[in-house]
Amino acid sequence: MIMKALGSNVINFDTLSSTNAYLRDNYQQFAHGTVARTHSQTNGKGRFNRTWFAGEDLLVSVLIKENIKLSEISRLGLVCAAAVFDVLKKYVTALFIKWPNDILVNDKKIAGILLESIIEENRLLCLIIGIGINVNTINYPPELTKKSVSLRLATGKIYAIDALYEELIEKLNDYYFDFKIDNNYYARVCAENSCLIGRDIVFNDNITVRRGRVIDIRENGNILIDENGISKEYNYGEISLSDFYYGKAED
Amino acid sequence: MKIYRVKVNGKTYEVEIESVLETPNRTEHAPLKQTEQKSLGSVVNTLKAPMQGTIVDIKAQPGDAVKRGDILIVLEAMKLENNIVAPGPGVIKEVFVSKGDAVISGQPLLSID
């Protein structure tokens, strides 16, 4: 049985409201691995429907239509974070992964990942991996200038978006393949390049706002947090890190 | 069964090779669950949260007629947005959650008649 790898079918748009929404609304007619790409999104979004500002950037969504357990799908966010990190690390320094799946240059976001699933009675019908990488944008809205950075702003160079796309798809295929054969290398990449380990954070476990210090990103992709001397492991879906999570570790 | 990656003319493909000595019934896609094969008919079907998270959107209200595949509820767990769809045709009987609610895995979300 031959399955098409990620990116074997690519749908390009000059502009689109959201590549994730396009695949979500049309997933039934496309094969596993289909990619929707655009240079400009008019309604891209991050968490809680926050708008993803897009200019001269790499914006792709990848359709996953394979049998993945619901308990496993959140790990794909880390898988993709590792892939994006690998693509960007040769161009920019001071690059970090903010668990679970933001990529930062110093403390500014250069890439983000949003997963969307369609679930019918505890069965995954499809998963859409949305990836946005800030490439050549130099002007951000005022509310984003302190939080966002592009490759161009970080390095002073202009990048070929198509070449970056090819590198991204290659890395996504590599890491997704590893994920399917239970190779947890992605988690090591996320741990070794984490900007959170050793830092004090504020997080929300869906019930209360809590504080703790990040100890580790485990092999299974979970985050290990110490709260008053008691360590507890959380998976991707169990907690949210607050926007005001930063606090330098007290050395 | 083993999975290999091959490149043909620059394109990457994944190939699964299954030994005839291995378990013959294993397939890439899991067999349909029993719940998929049932007709909703007049049976009240309660949809439950597939995982912990926060309700970010409710797209159906009591009395709405829905068909299979309609998105009923959007449940967000950190950067993972789950669209919970109707498993079959029916009428929404009751919605047990509100936008912004935190829910745990298995918590009833709504019922369909």
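## Lining of the second largest cavity

In this predicted model, the lining of the second largest cavity comprises six nonpolar residues, with no polar and no charged residues. The residues concerned are L6(A), V79(A), C80(A), I129(A), L172(A) and Y176(A). Two helices of chain A, helix 3 (75-88) and helix 6 (161-180), each supply at least two residues of this lining.

The volume of the second largest cavity is about 30 Å³. The structure holds two cavities of 30 Å³ or more.

Over all chains, a search of the whole structure finds zero disulfides. C80(A), one of the residues lining the second largest cavity, provides the closest cysteine sulfur to that of C126(A), at 14 Å, and this is too far for a bond.

C126(A) is buried, with a relative accessible area of 1%. C190(A) is also buried, and its relative accessible area is 3%.

## Strand 4 of chain A

Strand 4 of chain A spans residues 58-64, and seven of its seven residues are buried, so the strand is largely enclosed by the rest of the structure. In a regular strand, side chains alternate between the two faces of the sheet. In strand 4 of chain A, L58(A), V60(A), V62(A) and I64(A) point one way, whereas L59(A), S61(A) and L63(A) point the other way. Residues of both sets are buried.

Strand 4 of chain A pairs with strand 3 (residues 35-41) of chain A in the antiparallel sense, over four bridges. Within this pairing, V62(A) of strand 4 is the bridge partner of V35(A). Strand 4 of chain A also pairs in the antiparallel sense with strand 8 (residues 123-133) of chain A, here over seven bridges. In strand 8 of chain A, I133(A) stands opposite L58(A).

## An open sheet in chain B

Chain B contains an open sheet of four strands in the order 3-10-8-5, with antiparallel pairing. Strand 3 (45-48) and strand 5 (65-66) of chain B are the edge strands, each of which pairs on one side only.

Strand 3 of chain B is joined to strand 10 (residues 108-112) of chain B by four bridges in the antiparallel sense. K48(B) stands opposite P108(B), which belongs to strand 10 of chain B.

How values were computed: Residues numbered from 1 in each chain as written. Chains lettered and ligands numbered in written order. Predicted model: local features only at pLDDT ≥ 70, side-chain atom pairs only at ≥ 80, totals over all residues. Heavy atoms only, no water. Disulfide = S-S within 2.5 Å. Buried < 20%, exposed > 50% of the residue type's maximum accessible area, 1.4 Å probe, protein only. Pairing = 2+ DSSP bridges. 1 Å grid on protein atoms, 1.4 Å probe; cavity = no way out; pocket = protein on both sides within 12 Å on 5 of 7 lines; lining within 4 Å. Points joined across faces, edges and corners; volume = space filled by probe spheres on them. Nonpolar A, V, L, I, M, F, W, Y, C, P; charged D, E, K, R; others polar.
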